[in-house]
Amino acid sequence: MQACHQLLCHDGLAESASDDLTSRLINERAQANIQKDGTFSVVPRMYGGVTTAGELKRIAEVAERHKVPLLKLTGGQRIALIGVPREGLPEVWRELNMPSGHAYAKAVRTVKTCVGDRFCRYGTQDSVALGIEMEKRFGGIPLPAKVKLAVSGCPRNCAESGIKDMGVVGVSGGWELYAGGCGGIELKGGEKLGHFKRPDEVVEATAAFLQLYREDADYGERTFRWVVRRGIGKIREEALGDGEKRKALANRLAAAARAEKEHCAAETETVLMKGA
Ligand code: SF4
């Protein structure tokens, strides 16, 4: 697993690296989280925490058909189907017909969003649109450890951007980007990485940060520890200081995202064909 991650990190190797499915842990092979009783939780992706009536109906029907014992709203704004037996996983995934939320992976998991300026009267920016864009670009990309993102539409911070691995906060005339926060095993506020006027600048800066993290952090090292170890100033300089370097980092992450997409499609096919 470590070898796979390392290979996928570096320029040029991302698209040529091949993965050995048997090297993945059971959660990754099953695309679900094993629970204490040996059943699994299935968490489909809901980009930016947004869903539709059709999706909700489908999830409800699958849960009823398979007698899923617990349907749980997660902290990452998704719906977990908990208690699915291993042999039921291929059918559940097939019937859901939704991408995996990678709730089991060392990867970008969720991008939590608040309502933002489309509906909230306090909103200064469209946090939902930016959150969806970021999750579509970065969701599932393998990283040294799990990474959670959030986008809030104003400094009231309803998506808890301040305690995420990377958090975006809409402010008047732009966006602030924070990194290295944690609301779990240690409570830590993120450090300010920069201020950006446009959403595409936020996306590029996030990509550069994530790729530097992929290339530099130790396996299993969460961003909040890596940011303390390397220093936010040094990280800012390396990831964002030089426009060319920033673009190169973002391009390497995009290559890794393409590779992961192909790998994921093959892995899903395997899960559906052979069972987990
Ligand atoms: S963070 Fe601001 S924009 Fe978002 S829901 Fe809260 S008050 Fe509204």
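This is a predicted model: local features need pLDDT of at least 70, side-chain atom pairs count only at pLDDT 80 or more; totals for chains, interfaces and linings use all residues.
Now for the strands. Five of them make up an open sheet with mixed pairing, and the order runs S5-S6-S7-S8-S11. Strand S5 (108-113) and strand S11 (191-196) sit at the edges, each pairing on one side only. Going from one strand to the next, the twist averages 15°.

Zoom in on strand S7 (residues 166-171) and strand S8 (residues 174-179): they pair in the antiparallel sense, over six bridges. If you want a specific pair to click on, valine 168 has leucine 177 in S8 as its bridge partner.

## Helices across the sheet

Two helices are worth a look here. Helix H5 (residues 127-138) lies across S5, strand S6 (147-152) and S7, and runs at about 175° to S5. Helix H6 (residues 199-216) lies across S7, S8 and S11, this time running at about 145° to S11.

## Lysine 261

Lysine 261 belongs to helix H9, which spans residues 243-274. Why does lysine 261 count as partly exposed? Because it has 13 C-beta neighbours inside 10 Å, and the partly exposed class lies between the 12 or fewer of an exposed residue and the 20 or more of a buried one.

Note on methods
Residues are numbered from 1 along each chain as its sequence is written. Helices (H or I, at least four residues) and strands (E, at least two) are DSSP runs, numbered from the N terminus. Two strands pair if DSSP finds at least two bridges between them. Axes are lines fitted to C-alpha atoms, for helices over the stretch in contact, and angles run from 0 to 180 degrees between N-to-C directions. Two residues are in contact if their C-beta atoms, placed from the backbone, lie within 7 Å.
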